Amino acid sequence: MPSNNGRRFAAASHNRMQLHHHLNSFGQYLRARHGGRVQKLALNVGFSCPNRDGSKGRGGCTFCNNASFTPHARQAPSLSEQLSSGRAHMQQQGATRYLAYFQAYTNTYADVETLDALYRSALQHQDIIGLAIGTRPDCVPDAVLDLLARYQDQGFDVWLELGLQSAFDSTLRRVNRGHGYAEYLDAVRRARSRKIPVCTHLIVGLPGEQAEHSLCTVNRVIDAGVDGLKLHPLHVVKGSQLANEWRRGEYQPMSFIEYVNLASEMIRRTPKSVLFHRVTATAQNQLLLAPDWCAHKWPVMNAIGENLARFGGQGHTLAGI
């Protein structure tokens, strides 16, 4: 008789397959490309952000407390230690190869020599097959893109992950992003001219936005040309300006069903050639204030999978929505 852990693993595998059957997932792409499971290793190497250090602004985005999604956010171990511990953990889940995911804050916000040294320190490990670089659209000068293109020329997988969040400048100003949609379009154009694949991060449920804003945003991003997407529900975390707005009743998070329905429609509107790196996100329990359903990812992913199964998957837009 299977153990409880065995039953949970089997159920999780079934639900994962149901979701992946209805969208083009990044995990499936990597498995087909490399002949086995490839896992991202999230890294924090102590970068700052121009929206926090004063060069663009102070305080960062109104929703931001980086500790809510970044491992080791308060006191990061060395890069070598993070890679070792991350690989040990992921090996238990069947991974044998990895992407070094420079995640915390703005991971192109340094001179090229510094960036090259950091990136190469990860790539020197034989089981690291490439890089995923999380950054802002206004922090990818040509010299950085040329550096990433050189890694690609050497046979490494390279993904540029751009945090856009919304295609509406009014929303970007409201959440204190410090850049506009024009900077995003310029960054995408220059990256794609070098054949660097771009994964764009979008937040669903931003202050002042309705479903129409998110649908328009995903349409604009697709029209601009994109290779991957990450969808995140906006959640309220301690230590953020958004938390103060939420306490004053100035912001109300989306409900579970609202997010599932809207994320599903965004997926349906996306061509099958675009890879989904993520369709939801969670925050640590000790930091999450609202909504409580953002504490667990699998109920959200299961519900999205069921929605796509019922009404059509990626690339099957429903008329009138």
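Over how many bridges do strand E5 and strand E6 pair, and in the parallel or antiparallel sense? In this predicted model, E5 (residues 198-204) and E6 (residues 228-233) pair in the parallel sense, over 6 bridges. If you look along this pair, you'll find His201 standing opposite Lys230 in E6.

Let's zoom out to the sheet. Strands of a sheet pair through backbone hydrogen bonds, either parallel or antiparallel. Here, 7 strands make an open sheet with parallel pairing, in the order E1-E2-E3-E4-E5-E6-E8. E1 (38-43) and E8 (275-278) stand at the edges with a single partner strand each, so one side of each has no neighbour in the sheet. On average, neighbouring strands of this sheet are turned by 25° against each other, ignoring direction.

| Helix | Strands involved | Angle |
|---|---|---|
| H2 (residues 26-34) | lies across E1, E2, E3, E4 and E8 | about 170° to E4 |
| H10 (residues 256-268) | touches E5, E6 and E8 | about 170° with E6 |

Now for a helix pair. The axes of H4 (residues 112-123) and H5 (residues 142-153) come within 10 Å and cross at roughly 25°. Angles under 35 degrees count as roughly parallel, and H4 and H5 are therefore roughly parallel to each other. Their crossing is right-handed. On the H4 side, the contact is made by Val112, Leu115, Asp116, Tyr119, Arg120 and Leu123; H5 brings in Ala143, Val144, Leu147, Leu148 and Tyr151. Sorted by class, this contact of H4 with H5 has 9 nonpolar residues, 2 charged ones and no polar ones.

Key:
Residues numbered from 1 in each chain as written. Predicted model: local features only at pLDDT ≥ 70, side-chain atom pairs only at ≥ 80, totals over all residues. Heavy atoms only, no water. Pairing = 2+ DSSP bridges. Helix = DSSP H or I, 4+ residues; strand = E, 2+ residues; numbered from the N terminus. Axes fitted to C-alpha atoms, helices over the stretch in contact; angles between N-to-C directions. Contact = heavy atoms within 4.5 Å. Parallel < 35°, antiparallel > 145°, perpendicular 65-115°, else oblique. Left-handed = near helix turned anticlockwise from the far one by under 90°. Nonpolar A, V, L, I, M, F, W, Y, C, P; charged D, E, K, R; others polar.
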